Amino acid sequence: MIASENSPLASVSKAQAVVGVVPIGMIAATLPRQLTMQHECRWRHTILATKKDINLGFYLVQNDETAGWMGGYLVLNSSGRPLEFHCSLPLRPTRTQQILYGPSLGAYLVGDLIGKALLDRAKMKTQLVLADNVDALPLARRSGIPFACTEVSKRANIDDVIEVDGWQAIASPGQRGEVMEILQELPATFDLNEPFDRIREAFSEARGTSRAAA
């Protein structure tokens, strides 16, 4: 992918590591090595907004067996143009941490540690955040922003499932109406799945840059 000078991917390739250590909680204090998250790259572009503009956040976490857990947060306006991007350095829980957190480890990383750190650093206000993992939905309560998850699974409460023009998602609990209202204001051509591909490509670009710099 060719990244222009003003694109988020261009900034990813120039990214300098910005340390943002996030404590994992009281349990981690007893572990031999604290599980922390570092903020790897960021990019922000200011576009004058109008009253009709809707900013959407897209949050994705990948768990790569080799690289570890990596999160990305991309903010787009309703025209699909990028306003802000943040991603984290790969995070690798130790074997001891995996044992102690058990099955709750993934939900903790997605719905707390990584997501909270990325949203805390974002400057652009969003009306809605879309995530690809249902474990991200608790972030709605902590951030005060409605969330919708594109992963519709058996874990979903049927009352929280929404469908717009054949596209399905799970709204954060109690916010189905608000999420529906925002989605219905978007242009019909807005592809709600495509921005996640941008984040995945940004991850690949960031990892390639890191390997080249090593």
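Visitor: How many residues does the largest nonpolar core have?
Guide: The largest nonpolar core has 29 residues. Such a core is a set of buried Ala, Val, Leu, Ile, Met, Phe, Trp, Tyr and Cys residues joined through side-chain atoms within 4.5 Å. Buried means under 20% relative accessible area, with exposed over 50% and partly exposed in between, using a 1.4 Å probe and protein chains only.

Visitor: Which residues have the most contacts inside it?
Guide: Those are Leu-56, Phe-58, Leu-128, Leu-130, Leu-183 and Leu-192. Elements giving two or more residues to this core include β2 (56–64), β5 (128–131) and α5 (176–184). The largest share, five residues, comes from α6. Helices (H or I, at least four residues) and strands (E, at least two) are DSSP runs, numbered from the N terminus.

Visitor: Before I go on, what sort of model is this?
Guide: It's a predicted model: local features need pLDDT of at least 70, side-chain atom pairs count only at pLDDT 80 or more, and totals for chains, interfaces and linings use all residues. Residues are numbered from 1 along each chain as its sequence is written, and side-chain values use heavy atoms, with hydrogens and water left out.

Visitor: OK, back to Leu-192. What does Leu-192 touch?
Guide: Leaving out residues up to four places away in sequence, Leu-192 touches Leu-56, Phe-58, Leu-130, Trp-167, Leu-183 and Leu-186. Contact here means heavy atoms within 4.5 Å.

Visitor: New topic: how many aromatic pairs are there?
Guide: A search of the whole structure finds three. Rings of Phe, Tyr and Trp (its six-membered ring) pair if their centres lie within 6.5 Å; planes under 30 degrees apart count as stacked, over 60 as edge-to-face and the rest as tilted. Phe-58 and Phe-190 make a stacked pair, 6.4 Å centre to centre with 5° between the planes.

Visitor: Where do Phe-58 and Phe-190 lie?
Guide: Phe-58 is in strand β2 and Phe-190 in the loop between α5 and α6, so their pair ties together parts 132 residues apart in sequence. Phe-58 counts as buried at 0% relative accessibility, and Phe-190 is buried too, at 15%.

Visitor: And Tyr-101 and Tyr-108, buried or exposed?
Guide: Both are buried.

Visitor: Last one: how do β7 and β8 run?
Guide: They run antiparallel, joined by four bridges. Strands count as paired if DSSP finds at least two bridges between them. β7 and β8 form a hairpin with two residues between them, and Asp-165 in the turn has a positive phi of about 50°.
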